[in-house]
Amino acid sequence: MGKTVKLYTINGFLGSGKTTFLKEVLQKNESVKLGVIQNEFGKMSIDGELLKKDGLEMVEINRGSIYCSCLQLSFIEALKEMAEREMNYVFVEGSGLADPSNMDEILDALHSVHPDAMDYRGSICLVDAAQFLTQLDEIETVEKQLKHSQMAVINKVDLIDADELSKVKDVVKSIKEDIIIHETSFGKLDFNFMEEDLLKLSPMHFDDTHNSVDNKPKTLHMTFEGRIPRDGFDAFIQRVKKDCYRIKGFAEFENEGWMQVDAVGPKIDYKESDIHEDGGSIVFISKIGPQVIKPLFAAWKEEIGTDMKVR
């Protein structure tokens, strides 16, 4: 085994900007050998497509949370694989619904196989400044992700005013008093933290994770062919998003071409995309389990009307 790899985990609820932040890390640190392990609840990784670049060492772990017993062995194997590739750094992007409370179990298991392979430097939690206070009231995972992190990156601060930002920071500190806080928009940050051991500034706290096979959210993958009208698609998303934690993917629109689609809470974002699929591809993370299928089909038929498949 060669040099010890510096390991960071990135957590944060759906839509907080983890992938955007990770892209910034990759772009600003091209001179070092950096690997990524990315975790998605669904079997298809939309965000993985956004991260792929020449020379990037990447492992994707899908269909659940890496902190759940159902995928812990896969996670440990991925960490072992990255250690054997002798990276300088490895960043693990957890699913937006992942509860990292039991990271100590995973580190203990890894160290039993490779005692000096990974130097765990801590967890970074992305916070969606505009959605955080609402999410905190509705979803336990949001608090647990912060409680078990060493650094909080309050992202999207351009979307709120100074009073709201002050309130968000106060609540973050109330959850974990010694957490390191940075404020940003679009995931941009001074990456000097990569030379520090965050655990020396904010110690680890661990308990049982609530991620389990029983409470794994239902993820649906919809595919369709051809260009579709943007206004019809927008109406479709508006009708189904109340039943989904997140909707994301790629679609080709009439008169606009390929766009990346991302919906969390009341906000729907569209960005031009240089990723051209064989057809449209959208992932839905359901709040209501498989019951979302019926309204999803009904809304698509009424607003779009073309053929599509869901699996």
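Is phenylalanine 253 buried or exposed? In this predicted model, phenylalanine 253 has a relative accessibility of 0% and therefore counts as buried.

**Figure 1. An open sheet of six strands with antiparallel pairing.** The strands follow the order S11-S10-S9-S12-S8-S13. Strand S11 (267-272) and strand S13 (308-310) form the edges, each pairing on one side only. From one strand to the next, the twist averages 15°. Helix H9 (residues 230-240) packs on this sheet and touches strand S8 (219-224), S9, S10, S11 and strand S12 (280-286). The direction of helix H9 makes about 145° with that of S11.

**Figure 2. The pairing of strands S9 and S10.** Strand S9 (residues 244-253) and strand S10 (residues 257-264) run antiparallel and are joined by seven bridges. Glutamate 252 has tryptophan 258, in S10, as its bridge partner.

**Figure 3. The buried residues of helix H6.** Helix H6 spans residues 140-147, and its buried residues are Thr141, Val142, Lys144, Gln145 and Leu146. Among the elements that cover them are strand S1 (5-11), strand S5 (118-128) and helix H5 (132-138). Strand S6 (151-155) and helix H7 (162-175) also belong to this cover.

**Figure 4. An aromatic pair between phenylalanine 13 and tyrosine 245.** The model contains twelve aromatic pairs. In this one, the ring centres are 6.1 Å apart and the planes lie at 85°, so the pair is edge-to-face. The two residues are 232 residues apart and link distant parts of the chain: phenylalanine 13 is in the loop between S1 and helix H1 (18-28), and tyrosine 245 is in strand S9. Phenylalanine 13 is buried, with a relative accessible area of 5%, whereas tyrosine 245, at 23% relative accessibility, is partly exposed.

**Figure 5. An aromatic pair between phenylalanine 253 and tyrosine 270.** The planes of these rings lie at 75° and their centres are 5.8 Å apart, so this pair is edge-to-face. Because phenylalanine 253 lies in strand S9 and tyrosine 270 in strand S11, the pair ties together parts that are 17 residues apart in sequence. Tyrosine 270, at 18% relative accessibility, counts as buried because the limit is under 20%. Both residues belong to one aromatic cluster, together with Phe224, Phe233, Phe236, Phe284 and Trp300.

**Figure 6. Arginine 230 over the rings of phenylalanine 253 and tyrosine 270.** The charged end of arginine 230 sits over the ring of phenylalanine 253, 5.8 Å from the centre of that ring. Arginine 230 also lies over the face of tyrosine 270, at 3.7 Å from the ring centre.

Note on methods:
Residues are numbered from 1 along each chain as its sequence is written. This is a predicted model: local features need pLDDT of at least 70, side-chain atom pairs count only at pLDDT 80 or more; totals for chains, interfaces and linings use all residues. Side-chain values use heavy atoms; hydrogens and water are left out. Two strands pair if DSSP finds at least two bridges between them. Helices (H or I, at least four residues) and strands (E, at least two) are DSSP runs, numbered from the N terminus. Axes are lines fitted to C-alpha atoms, for helices over the stretch in contact, and angles run from 0 to 180 degrees between N-to-C directions. Contact means heavy atoms within 4.5 Å. Buried means under 20% relative accessible area, exposed over 50%, partly exposed in between (1.4 Å probe, protein chains only). Rings of Phe, Tyr and Trp (its six-membered ring) pair if their centres lie within 6.5 Å; planes under 30 degrees apart count as stacked, over 60 as edge-to-face and the rest as tilted. A charge sits over a ring if NZ of Lys or CZ of Arg is within 6 Å of the ring centre and within 35 degrees of the ring normal.
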